[in-house]
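Please look through the sequence and the model shown here, and keep both at hand while you read.

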Amino acid sequence: MSPRDCLQLDVGNSSAKWRLVRDGEIVARGVYRRDDAVSRTALLDCSQRPSAIWISSVADDEKDRALRQLLLERWGVEPWFARSEAEQAGLHNSYAEPRRMGVDRWLAMLAARARYPGQRLCVVDAGSALTIDLVTPGGVHEGGYIIPGPALMERALLLDTGRVRFSGPAEYSVTPGTSTAEAVRHGVALSQLGAVSLALRPENGKSPPYVVFTGGGGEWLWHQLECRGECVPDLVLEGLALAAQCQARPCA
């Protein structure tokens with residue numbers, strides 16, 4: 001029997017993280033950027049022909065259509081786009097209109113709940129935006145927060161102020177900055193950490209949640225906060241695979 005390849009993509013606003021799963025094992029992974037020919041070639045050459053293509057996307061409809069066409073022309077396989085649901089695998093959406101929740105948030109919670117069933121959870125995805133979502137031990141989404149990520153915060157300062165200008169490197173830290181670059185980047189870091197810390201504060205006698213971090217800034221936040229939890233880089237892709245199983249979409 002020939003190997004069964006499943007191509008899984010986590011599509012953000014500027015790039016897409018992908019992995020190729022063959023008979024249950026991850027055999028390739030990469031990052032695809034729409035305007036980068038090298039990353040496009042790496043994606044399109046990752047498999048002779050995948051049996052299934054699963055996609056989590058927070059991009060706009062036009063970009064989703066372009067990606068669908070690219071993959072369809074390459075392999076002749078119709079991609080499946082995951083959507084947020086009212087309920088799935090015991091996870092209950094708090095939104096009155098469930099499809100309006102970003103699918104990356106939904107899938108991250110789905111994967112976190114599968115990893116840690118019966119626990120109160122806080123799922124933190126630190127990417128272009130910082131999202132924080134709380135889930136009860138019974139799988140009910142309590143609600144969440146969407147906060148601009150570091151790059152968006154910096155851009156807002158540069159665009160909307162006349163004198164906040166800087167050049168040169170400055171690492172993210174929470175010590176007081178001694179230059180404009182440090183003051184901005186350290187202030188951004190402080191705001192990100194502060195947001196997560198406030199979301200984790202004890203409330204009405206509830207036990208502290210187990211915190212599951214993901215996204216490009218997830219590991220940094222996890223180490224800075226030193227809270228009970230872990231960082232799972234592929235959390236959204238894990239949730240994508242679970243959602244596909246719930247929709248009876250085998251990789252075959």
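Are aspartate 234 and arginine 19 buried or exposed? Both aspartate 234 and arginine 19 are buried, where buried means under 20% relative accessible area, exposed means over 50%, and partly exposed lies in between, as found with a 1.4 Å probe on protein chains only. This is a predicted model, in which local features need pLDDT of at least 70 and side-chain atom pairs count only at pLDDT 80 or more, while totals for chains, interfaces and linings use all residues. Residues are numbered from 1 along each chain as its sequence is written, and side-chain values use heavy atoms, with hydrogens and water left out.

Side chains of opposite charge can pair when their charged atoms come close. A salt bridge is counted here when a side-chain nitrogen of Lys or Arg is within 4 Å of a carboxyl oxygen of Asp or Glu, and by this rule the model has twelve salt bridges. One of them joins aspartate 234 to lysine 17, with the closest N and O atoms 3.6 Å apart. Because aspartate 234 lies in the loop between strand S12 (229-231) and helix H7 (235-246), whereas lysine 17 belongs to strand S2 (residues 16-22), this pair ties together parts that are 217 residues apart in sequence. Helices (H or I, at least four residues) and strands (E, at least two) are DSSP runs, numbered from the N terminus. Aspartate 234 has a relative accessible area of 10%, while lysine 17, at 27%, is partly exposed. Aspartate 234 also meets arginine 19 in a salt bridge, at 3.1 Å from N to O, and a network of salt bridges links Lys17, Arg19, Arg29 and Asp234.

A further salt bridge, at 3.8 Å from N to O, brings together the side chains of arginine 115 and glutamate 230. Since arginine 115 lies in helix H3 and glutamate 230 in strand S12, the pair connects parts 115 residues apart in sequence. Helix H3 itself is mostly covered, as eleven of its 13 residues are buried, including Trp106 and Leu110.

The cysteines complete the tour. A disulfide is a pair of cysteine sulfur atoms within 2.5 Å, and by this rule the count is zero. For cysteine 122, the nearest cysteine sulfur is that of cysteine 227, 8.0 Å away.
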